[in-house]
There are 2 protein chains.
Amino acid sequence: MLTHSVEEGPLINRFRKLWAEIAGVGRDSGSGGYLRYALTEAERTLRGWFREQADARGMPVQQDGNGNLFAWWGDPDAGEAVLTGSHFDSVPHGGAYDGPLGIVGAFLAVDELRAAGVAPDRPIVVAAFVEEEGARFGVPCLGSRLLTGEIDADRAAGLRDRAGVSFADALGARPAGADPTLLGRFAAFVELHVEQGRALVDADAPVAVASAIWPHGRWRFDFTGEGNHAGTTRMADRRDPMLTYAFTVLAANKEARLRDAHATVGRVSVEPNATNAIPSRVTGWLDARAAEAETLHGLVEAVRAKATERAGRDGTALTCTPESATPLVAFDGGLAGRLVTLLDAPVLPTGAGHDAGVLAAHLPTAMLFVRNPTGVSHSPAESATDADCAAGVAALARVLEELACH
Amino acid sequence: MLTHSVEEGPLINRFRKLWAEIAGVGRDSGSGGYLRYALTEAERTLRGWFREQADARGMPVQQDGNGNLFAWWGDPDAGEAVLTGSHFDSVPHGGAYDGPLGIVGAFLAVDELRAAGVAPDRPIVVAAFVEEEGARFGVPCLGSRLLTGEIDADRAAGLRDRAGVSFADALGARPAGADPTLLGRFAAFVELHVEQGRALVDADAPVAVASAIWPHGRWRFDFTGEGNHAGTTRMADRRDPMLTYAFTVLAANKEARLRDAHATVGRVSVEPNATNAIPSRVTGWLDARAAEAETLHGLVEAVRAKATERAGRDGTALTCTPESATPLVAFDGGLAGRLVTLLDAPVLPTGAGHDAGVLAAHLPTAMLFVRNPTGVSHSPAESATDADCAAGVAALARVLEELACH
C-alpha cells in the first residue's frame, strides 16, 4: 500500500526526468508552444515514445481500430481493468501539459505502485487517445467518440484536415468505430489533467477532483456576400460578409456575458483574403459553453438570430452548422466522492471537454486536475510546477490503487 | 492613318483569338477566378507568352533589373518611345481582364497600326509590369515603384510572400531599383484597363479616359491579447484581440460611409486560429481610399482612434503600420483632354491603384477604361464583352498613333 505522505523529492525528480524526454517534441521555437496535431510526425514520435515506455515496463501495447493506444499492466483476464491516460495532441501553439501530463503521469503512477509493492487485483491500463483537441480534423475527442460509438465511423473516416487529408488516410485505414468488447473490459476511467483556469490557485491546493463538464459545442457560421474590388465599389453597393462576421463576433461576446456563459470566435477563414478585395465568403467558428444545456441553447440561438438580422442589413447570407455538441457531463458522483475523501481535495466543474467526458456516459469516470499558476491553457503560457505535477502523480497512484485493489 | 470607323467584326475576332490563348492560364476551376501571382508558374507562363508574342512581331524584349518586361517596336534610337501595357498578375481568384487586357490589347493595337500601314516616328513599347496587385509580396505596383525609385530596392528585395519566399529569391536576383535611364526613354504611358465599377454602363459608352486616381493606401492593424482556453477562461478575464478586430472592422465601415470614402478589411490573419482557443493575435489589413488626401487621412485616423479606444476596453494592444500609401494622382490634363477629343469618350476618376498611377509622377500618363457590365472586379464575376474589348483596342491604337506619329 502507498504511504499517505508521498516522498515528494524523489518523485519530483522522476517526474522531471521523464517529462524532459518529450519536452522538445513538436515545440515551436518561435512561440514556445506545441504543434502536436494528431497523427502528424510530432504526435507519431510521442506515440512511439509511448510504446517504448510501455515496453520498458513490460506492458503489452494494443492499438484499437480507431487509433487509440492501450498499454496493459497485469493479467488481462483478471477482471475489468482500471483505465487511465489522456492524449498527446495539442491545439496550435498549445501548452505542454494539456494531454501529455495525463500519460506521463500514468506511467509514473504505475512506477509508484510497483515501487511500493502494490499488486493490483485487476489490470491497470494506460491509454493515449487520438485527436482529443479536434485541431486537425475538427471533431474533438474523436478517438474516444469512435471507441464509444458516439460518432459514426464513416463520418469520422471522411473528416479532412486543412490540407484535405482524411482521417482514414492519416490513420492508414478506415476507423473501426464502436468497440463495445474493448469498452466492456474497463471498470472505470481516471484522467489526470492540468487545470485550465485559476480555481486551484484561489483554493491554494495542488490537486482537485472534477464534478462536471459544462455542456458545450462548436457551430460553423458561413457568411457569403459578393467579392468585389475594395477601391472602386461604392459602400452602398457592397455585400460584405466581413461586416456580418464582425457583428456576430461582438454579439456572441455580449450574449455570453449576459448569460454567465462562454462564447469565443477564435478561428476564421476568408475568401479570397486579399487586402484589396471585398471578401466573397467569411467563415467563423463559434465555441460556446454554459453550465446548463438550456442556457447554451439560448445563447447559440440568440447569436444566430442577431447574425441573421445583421445579414439582412448587409445583403449577405448566413448558414449555421453545428459541428459538435456535448451535453452536460456529471461525473460519477459516488466515484468523485470516494476520491475526494481519499485525497482530501476540492471539487471543481470545468468548461473544457475531455475524453473523460465522452467515456463518462459508458463507465464510471473521474478526473483529477493539477494546479496551473497562470490559469492559461491552449497557449504557450500554460504552466504547472514540477512539484504540483508530482502531487498529481501521487494522487493518481492512490486512486489507481484504490480502484484496482479494492 | 487609322480610319476613324473601326472595322469591328474582324477586330473582335482577332481579339477573341488572342484572348483565348491565355484564358486557361492560372484559372481555378472551382471559383472560375484566376490565381496568377507574380513570378509563380502561372504568371511565368504568361511572361513566356509575352516573349512569344513579341518574337512573332519582331519586337525585341528587354527585361529590366526589376522584373518588368518591355517589347520594342521601331528603332529604339528614333526618339522617346510611347509606352503601353499593364500587368499579368491577379488578386486571389481575380477576374480575367484586370491587367492582361492591357497587354493583349497593346499587341493587338500594334497589329492594327501595322495593318493600317502606320509607320510611327518614335518607338512603341509594350510593357508587362511585375506584381501590380501586391497579392504575393504585399506592396502593389511593385515593379513600377522599383523602376521609378518609389520603393527602396533593399526593402523590395526583402518583401516576403506568405510562404516566406522573398521577392529577391522569386526574381532570382536583388532588384536593381530606380532606373532613370530606362525611364527617360519614354515620352508617355497609356494603360488600357477594364473598368472596376459601373460608370460606363450608366454612361452607355464602351471606353472612357481616366481623370484621376483617388489617394489610397493599406494599413496593417496588429491586435495582440492573451491566448487562452475558450472553454475555461471567464469572459471577464479575457484579453481577446478578435473583439478589438471585429469592432475595428465595423468602425472602418461606418467612418468611410460618413465621409463618402471607401474602407475595406478583406484580409485577416489569426494566431493560433483554433476553434477552442482565444486568439493571442489578430491582424487585419485596412484598405482605405477617398477623393481627397485630407479625407483619407481623417478616415484612417478616426479608425485608428476608435480601435485604440476599444483595445483599452478589451485589454488588448494595437499597432498600426502603414504598408503603402499613394497620394492623389491627377493624370496629365493636357494628354487626357487630347484623348477625349480624339476618342469622343467620357472622363472618369477611379478608386483603384495602377502602374499608370505610379508612372504619372514621372511622365505624361493616361488610362483608357473598357466597360464592365457587372461593375465587379477582383472577383471571378469581372467581365467585359469581346466587342467592348475590341473597341478598347481600337481606341488604344488611335491613341498610340496620335502619340507616336505627331
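Mentor: N273(A) sits in the loop between β9 and β10 of chain A, where strands (E, at least two residues) and helices (H or I, at least four residues) are DSSP runs numbered from the N terminus. This is a predicted model, in which local features need pLDDT of at least 70 and side-chain atom pairs count only at pLDDT 80 or more, while totals for chains, interfaces and linings use all residues. Residues are numbered from 1 along each chain as its sequence is written, chains are lettered from A and ligands numbered from 1 in the order in which they are written, and side-chain values use heavy atoms, with hydrogens and water left out.

Trainee: What is the phi of N273(A)?

Mentor: N273(A) has a positive phi of about 60°, although it is not a glycine.

Trainee: Which residues does a cis peptide bond join in chain A?

Mentor: The cis bond joins E271(A) and P272(A), with omega about -5°. P272(A) is also found in the loop between β9 (262-271) and β10 (277-278) of chain A.

Trainee: And in chain B, which residues does a cis peptide bond join?

Mentor: There, E271(B) and P272(B) are joined by a cis peptide bond, with omega about 0°. P272(B) has its place in the loop between β9 and β10 of chain B.

Trainee: On to the pair of chains. With what RMSD can chain B be laid on chain A?

Mentor: The RMSD is 0.1 Å, reached by a turn of 179° and a shift of 0.0 Å along the axis; the superposition is by least squares on the C-alpha atoms of residues with pLDDT of at least 70 in both copies. The two copies are therefore related as by a two-fold rotation axis. In chain B, the C-alpha nearest that axis belongs to A246(B), 2.2 Å from it.

Trainee: How many residues are in contact?

Mentor: In chain B 58 residues are in contact with 57 residues of chain A, contact meaning heavy atoms within 4.5 Å. Of the interface residues of chain B, 98% are also interface residues in chain A, so the copies meet through the same surface.

Trainee: What area do they bury, and what polar contacts are there?

Mentor: Chain B and chain A bury about 5,000 Å² between them, 57% of it on carbon and sulfur atoms; buried area is the accessible area (1.4 Å probe) that two parts lose on being put together, summed over both. The interface has 23 residue pairs in polar contact, both residues being at pLDDT 80 or more. A polar contact is a pair of N or O atoms within 3.5 Å; within protein, one must be able to donate a hydrogen and the other to accept it, and residues adjacent in sequence count only if both atoms are side-chain atoms.

Trainee: Which element gives the largest share of chain B's side?

Mentor: That is α9(B), with ten residues of the side that touches chain A.

Trainee: Changing topic, what domains does chain A have?

Mentor: The assignment, automatic or from a database, gives domain 1 (8-214 + 328-404) and domain 2 (216-326). Their C-alpha centres lie 33 Å apart in chain A. The contact takes 14 residues from domain 1 and twelve residues from domain 2.

Trainee: What area is buried between these domains?

Mentor: About 1,100 Å² is buried between domain 1 and domain 2 of chain A, and carbon and sulfur atoms give 45% of it. R162(A), W214(A) and L328(A) supply 48% of the area that domain 1 buries against domain 2, more than any other three residues.
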